[in-house]
Structures are given as structure tokens and as C-alpha cells.
Amino acid sequence: MAKKVKEQAYTYNAKSHIKMTSGDRIINIFFYVFIVVFALLCLFPFVLVLSSSFTDEQTLTMYGYNLWPKKISLDAYKLVMVSADIPQAYKVTIGTTIGGTLLSMLVTTAVAYAMSVKNFKSRSAVALFIYFTMLFNGGLVASYLLITKTLHLENTLAVLLLPSVCNAWNILLMRNFFSGLPESLAESAKIDGANDIVILFKIILPISLPGLATIGLFYALSYWNEWYRCLLYVDSSHSDLYTLQYLIQRILRQVNYAANQPAEAVGLSALSLPTYAYRMATIVVSTGPIILLYPFLQKYFVQGLTVGSVKG
């Protein structure tokens, strides 16, 4: 028995140490170089933005954008953080992103799974109704009247959550993902006495991590970048409901207005206001956290490819 195990180990090691030809080495080197160059090209714009946000405004105006700041200055970030509403806006944005994403994923997966079940008689009608909303909508006036006059959601946190809780494209995309899963999983669970809710949460969702991570990232980006509904439905008297993106836009408009005024009118030189650096700083502040979120989601993309696969 021990001899057989040694022979198998030797055979495995021999196969794993197959010599590569010179052509294979050249191809591998080419792909490695291509991937490294492509990664650097993708990283270059963000590094340029990050460097410019730490550059002095006068230096930035004279020498342009550089990968390394010629004169380091924190004036742009001081201008971003000078508003006492920034921490509150971060809380609102983070809260709506987390809560809205969870609520949207719950509704999306429930509707998508219902449409993927073949014995659900009305699934075609539901799919047609959802698809219809992608082609036609009531427009801005109708939605504004519905939210303000009928639902009375203006100046509430719900107006930042409920209108975005369901996306027709994401539902259809998730429905197609569920339809591609083996039917034997649900059938075997039903034989054991499981209902549709148990099948969805105990069987379907654990093996659907790639789809869940993708749709969840779409929803998270949508909630994180929300500013339009603040413009429409949140008054200035309820500034504690401003999202980060909307508040930064307001500050940026004020800075640009001050920079375009005569120096005597504002009491400052135009070069003393970090307008260009401020734009770069707002990009870092508003996009940095969501960029840092991706590495934590990447493992779910990798793990979801093998978890729960059908064996035998």
C-alpha cells in the first residue's frame, strides 16, 4: 500500500514538473507584462488625482498635474472638512448605502427567484410587467407628485431608500442567473419537505454568490452616488439628510463662484482658493471608500464559483 502511494506521488510530481518550452515561456512573459502594464494604466488616473489633491493650488496652476506633488498642501482637504455637515453627510450616505443595498437585494432576489420557478403560473405576466417599466415610465412630474403629494416622503430618509429599492434590469439579470442553476437542487429539497423560502435562503442564495456580489455592487454604487433625490425632495431646512455627493456639489459650486468673483469682492486672491485641487480632493473623498470596498467583495466572486456545486 505504501509503495503504491509513493508511486502515485511520484507520478503526480512528475506531471507537475513538466518542462516548459521556450515558446511557452515567451507567451507567459508576454501575458505577465501585458497584465502589469494594463494594471498600471488603470492605476495611473487615480494616482494622478490623488497627487493633485495634495498639491498647492498655485503650483498646480503653474506646472499642471504631476504624479508627485511639487509642493504639498492640505488646503483642499481642509476646505472639504471645514463644513460641519460633512460627518453627518457621511453617516447618511453610509447608512443609506448599507440599508438600501440590503433591502434592494432582499426584494430583487425574492422577485427574481419567483420568476425563475417554473411551476409559478404568473411568472410570465410578472416578467412582462417588470420589463414594461424599462420601456415606459411616468416621467419626472408624475414621480414627483407621487412621492410628495401621495406618499408624502419629502424631507424624510425614506425618500433616499424606497424609490431605488427595486431595479428592473437587476431583477431580470438575477432571474436569468437563478434559471441557470440546476433544478435538481430545488427538487431534492422539496422532497425533503422544504418550502420555497427555505430553498431560497438555504440552498439558492449560498450558491449564487457571484450574482449576488455583482448585483449588490450595482445597488451599492447607486446608493453611494445618490444626489439627485436630495436636490428634488430635501429642503435646505433638512440639511441633516443631505448625502455626501450632494453636499460636496453644493460646496464645489460655492468655491467656483467665489473663485470667479473679483479679488476685492471676496477678499482673497483667486489663486488662494484651491479650486482645481478641491475638485481632486472631492473625488478622493467621495470615491475612496467605495473603491476600498471592492477587495472585500472580490473573494466572494472567487469563492462563489465553487461553493455549493453539484457533485455525483
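Cys230 is buried, at a relative accessible area of 0%. Buried means under 20% relative accessible area, exposed means over 50%, and partly exposed lies in between (1.4 Å probe, protein chains only). Cys166 counts as partly exposed because its relative accessibility is 39%. A search of the whole structure finds zero disulfides, a disulfide being a pair of cysteine sulfur atoms within 2.5 Å.

This is a predicted model, in which local features need pLDDT of at least 70 and side-chain atom pairs count only at pLDDT 80 or more, while totals for chains, interfaces and linings use all residues. Residues are numbered from 1 along each chain as its sequence is written, and side-chain values use heavy atoms, with hydrogens and water left out.

Now the overall picture. The protein has 15 helices and zero strands. Both are DSSP runs numbered from the N terminus: helices are H or I with at least four residues, strands are E with at least two. Of the 312 residues in the protein, 33% are buried. Contact means heavy atoms within 4.5 Å. Among contacts with a separation of 6 or more, 71% join residues 24 or more positions apart.

Next, helix packing. Two packed helices are described by the angle between their axes and the distance between the axes. Here the axes are lines fitted to C-alpha atoms, for helices over the stretch in contact, and angles run from 0 to 180 degrees between N-to-C directions.

Start with helix 5 (residues 85-116) and helix 8 (residues 168-179). Their axes come within 8 Å and cross at roughly 50°. That makes helix 5 oblique to helix 8. Angles under 35 degrees count as roughly parallel, over 145 as roughly antiparallel, 65 to 115 as roughly perpendicular, and the rest as oblique. The crossing of helix 5 and helix 8 is right-handed.

Which residues of helix 5 and helix 8 make the contact? Helix 5 supplies Thr108, Thr109, Val111, Ala112, Tyr113, Met115 and Ser116. Helix 8 supplies Asn170, Ile171, Leu172, Met174, Arg175, Phe178 and Ser179. By class, this contact has eight nonpolar, five polar and one charged residues. Ala, Val, Leu, Ile, Met, Phe, Trp, Tyr, Cys and Pro count as nonpolar, Asp, Glu, Lys and Arg as charged, and the others, Gly among them, as polar.

Helix 5 also packs with helix 10 (residues 196-204), at an angle of about 115° and with the axes 11 Å apart. That makes helix 5 roughly perpendicular to helix 10. This crossing is right-handed. From helix 5, Leu106, Thr109, Ala110 and Tyr113 take part. They meet Asp196, Ile199, Leu200, Phe201 and Ile204 of helix 10. The contact of helix 5 with helix 10 has seven nonpolar, one polar and one charged residues.

Ile199 leads on to another pair. Its C-alpha atom is separated by 6.4 Å from that of Ala186, 13 residues away along the chain. Ala186 lies in helix 9 (residues 183-191). Ala186 counts as buried because its relative accessibility is 18%.

Finally, look at the loop between helix 7 (139-150) and helix 8, where His152 sits. Phi of His152 is near 55°, a positive value in a residue other than glycine. Asn155 lies in the loop between helix 7 and helix 8 too. Phi of Asn155 is near 60°, again positive in a residue other than glycine. Is Asn155 buried or exposed? At 17% relative accessibility, Asn155 counts as buried.

Note on methods: A crossing is left-handed if the near helix is turned anticlockwise from the far one by less than a right angle, and right-handed if clockwise.
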